[in-house]
Amino acid sequence: KKLIQREKILLKMLAYVVNKFNQNKIIYWIDCSGLLGLIRKQNLAEFSDVDISIKLNDVKKIRKIIKSNKKIFSFYTKFISNTKKNKKTKIALMYMIGNVNAERIEPPLIDFLIKKITPKYVLDIRTSRISAKKHWRSFDVIKYKGLNLNVPNYPEKYLKYVYGKSWNKKVEFWSWRQKSKR
């Protein structure tokens, strides 16, 4: 029952984001855990979060158009300093958390992964992970509970790159609560 509640709120959050992105012509794609769930045909609420990749160039626009909706979710952005090779940069962390009683159910979370698109590759700003540009040239669409969601080209190959050979093996529900108890 808790998973059903979590899924309902997550669907409202996803519908809001996808609608805003489509209205404002912002390119996005479901990534990492969200993509894993879509390809495995699992409920997205089974995962600790749903990752949505966005382009670095769209961060300012997204910060203007996504507004917290007190009944459904809160939207947060934070900037952290990153010093690499004597060069200071600020990295944006952007995420949405479902407004639920966290004592009863784990809040649904959408995490925005910011990508820098270069002529040769795609760089994840937070993790510095580089992926092949072939996955991001155009997108496939997967229908999920009434929503049309963008996913990268060759999603299975991409998931193998991100998670390794056993990407398609389902694991138990992962929770930040479980992790914090260890």
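**Exercise 1. Work out how helix H2 and helix H4 are arranged and which residues join them.**

Step 1: Find the two helices. H2 covers residues 32-40 and H4 covers residues 155-163. Helices here are DSSP runs of H or I with at least four residues, strands are runs of E with at least two, and both are numbered from the N terminus.

Step 2: Look at the axes. Two packed helices are described by the angle between their axes and the distance between the axes. For H2 and H4, the axes come within 11 Å and cross at roughly 130 degrees. (Axes are lines fitted to C-alpha atoms, for helices over the stretch in contact, with angles from 0 to 180 degrees between N-to-C directions.)

Step 3: Name the arrangement. That angle makes H2 oblique to H4, since under 35 degrees counts as roughly parallel, over 145 as roughly antiparallel, 65 to 115 as roughly perpendicular and the rest as oblique. The crossing is also left-handed, meaning that the near helix is turned anticlockwise from the far one by less than a right angle.

Step 4: List who touches whom, where contact means heavy atoms within 4.5 Å. From H2 come Cys-32, Ser-33, Leu-35, Leu-36 and Ile-39; they meet Pro-155, Glu-156, Tyr-158, Leu-159, Val-162 and Tyr-163 of H4.

A quick word on the model: it's predicted, so local features need pLDDT of at least 70 and side-chain atom pairs count only at pLDDT 80 or more, while totals for chains, interfaces and linings use all residues. Residues are numbered from 1 along each chain as its sequence is written, and side-chain values use heavy atoms, leaving out hydrogens and water.

**Exercise 2. Decide how enclosed H2 is, and say what surrounds it.**

Step 1: Count. Nine of the nine residues of H2 are buried, so the helix is largely enclosed by the rest of the structure. (Buried means under 20% relative accessible area, exposed over 50%, partly exposed in between, with a 1.4 Å probe and protein chains only.)

Step 2: Check the surroundings. The buried residues of H2 pack against S1, S2, S5, S8, S9 and H4.

Step 3: Zoom in on Ile-39 in H2. Its relative accessibility is 19%, so Ile-39 counts as buried. Setting aside neighbours within four places in sequence, Ile-39 contacts Ile-142, Pro-155, Glu-156, Leu-159 and Trp-167. Take Pro-155: it sits 116 residues from Ile-39 in sequence, but their C-alpha atoms are 7.7 Å apart.

Step 4: Step off the end. Just after H2, Lys-41 has a positive phi of about 60 degrees.

**Exercise 3. Compare Asp-31 with Lys-61: is each one buried or partly exposed?**

Step 1: Asp-31 is in strand S1, and Lys-61 is in helix H3.

Step 2: Read the accessibility. Asp-31 has 0%, so it's buried; Lys-61 has 37%, so it's partly exposed.

Step 3: Check contacts, leaving out residues up to four places away. Asp-31 touches Asp-51, Ser-53, Leu-113, Lys-115, Trp-136 and Tyr-158. Lys-61 touches Asn-24 and Ile-26.
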